[in-house]
Amino acid sequence: MIIFENTDYKIQSFISGMLSNNSYLITSKTSKKNIIIDIPYIPRDLFSKIPRDPLNKSNNVKNTIGIITHGHFDHIEGIDFIKDRYGEIEIYMGFEDSKYLDYSGKITKLRSQEKIIHEDIQLEIVYTPGHSQGSICLYFDVKEKKYLFSGDTLFPGGPGKTTSYLNFKKIYESISNKIYKLPDETIILPGHGSGISIEESKKEFHSFEFKGHIFGDITWKK
Ligand SMILES: [Zn+2]
C-alpha cells in the first residue's frame with residue numbers, strides 16, 4: 001500500500017508473517033536509495049517493490065539498508081530471504097536487541113546515534129525501551145507530512161506488550177516523554193495493524209491513569 005508519495009519520496013507498507021507484521025519501504029526517487037523498516041517472514045510483496053539491479057547485487061547492497069525496530073522474531077524472520085534474493089544489506093538496530101539477530105552481514109548497533117542518514121533519506125532515531133530493551137522508533141519528516149515508525153512500542157489504543165511492571169514504566173515513559181514530544185500531526189505507523197496520529201493517540205492516553213504494578217497487554221482504557 002502506498003502511504004505517501006511526492007516528487008522526492010515514496011513510502012509503502014506491506015504485510016507478511018503469521019502475526020500479520022507490517023514492513024515499510026522508503027524509496028528516494030532522486031538518489032535511488034532505499035530503507036526497509038522491519039523484515040518479517042517471507043516478505044514477497046516488499047521484495048517485489050525494492051528497486052534492484054538484477055545484474056549486480058553489489059549495487060543493491062549499496063543502495064538499500066534495513067532498520068529493525070526491535071529484535072522480536074516476527075520483525076526479523078525475513079532477513080535471510082532478502083539476503084538470498086537481493087543481497088547482504090547492512091542492518092541497523094538497537095544495541096540491546098542486536099543479540100537476537102543471527103546475521104552474516106554488517107550490523108550497526110545503535111546506542112546513542114541520533115540519526116540514520118542514507119544519502120537523502122534522513123531518519124531520527126527515538127530510543128524507546130519498554131516493549132524490549134533495545135526498541136527504537138524512527139521519525140521521518142517529509143515536510144508536508146511527518147511519520148513515526150513505532151515498531152511494537154505504540155499502537156492505536158495503547159502501548160505494546162510488556163513483561164514486567166518495570167518494563168511497563170519504561171514504555172510509559174518512552175511514550176509520554178519522547179513520542180508525545182513529537183509534533184501532534186505525526187502519523188504513527190506501527191509494527192502491526194493500522195496507524196493513528198499523535199494527536200489522536202494523546203486523546204486516548206489522557207483517559208489513562210497510571211496505576212502501579214501493571215504490565216502485559218495494556219490499553220489506555222484499562
Ligand atoms: Zn515485539
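**Close-up views of a predicted model**

**View 1. Strand E4 is covered on both faces.** In this predicted model, strand E4 spans residues 34-37. Asn 34 and Ile 36 lie on one side, Ile 35 and Ile 37 on the other, and all four of these residues are buried.

**View 2. Strand E4 meets strand E3 in a hairpin.** Here E4 pairs with strand E3 (residues 21-28) in the antiparallel sense, over four bridges. Look for Leu 25, whose bridge partner in E4 is Ile 36. Five residues sit between the two strands of this hairpin, and Lys 32 takes a positive phi near 65°.

**View 3. Strand E4 also joins strand E5.** E5 covers residues 64-68 and runs parallel to E4, with four bridges between them. Asn 34 stands opposite Thr 64 of E5.

**View 4. Meet the largest nonpolar core.** This core has 45 residues, and those touching the most other members are Ile 67, Cys 137, Leu 138, Leu 148 and Phe 149. Strand E10 (residues 136-141) gives the most to the core, with five residues. Leaving aside residues up to four places away in sequence, Phe 149 touches Tyr 24, Ile 37, Thr 69, Cys 137, Leu 138 and Leu 189.

**View 5. Helix H5 has a buried side and a face turned away from it.** The buried residues of H5 are Phe 168, Ile 171, Ser 174 and Ile 175. Seen down the helix axis, they fall within an arc of 125°, so they line one face of H5. Strands E12 (154-155) and E13 (158-159) are among what covers them. On the face turned away from the buried side, you will find the exposed residues Leu 166 and Asn 177.

Terms used:
Residues numbered from 1 in each chain as written. Predicted model: local features only at pLDDT ≥ 70, side-chain atom pairs only at ≥ 80, totals over all residues. Buried ≥ 20, exposed ≤ 12 C-beta atoms within 10 Å, placed from the backbone. Pairing = 2+ DSSP bridges. Core = buried A, V, L, I, M, F, W, Y, C linked by C-beta atoms within 7 Å. Contact = placed C-beta atoms within 7 Å. Arc of directions from axis to C-beta.
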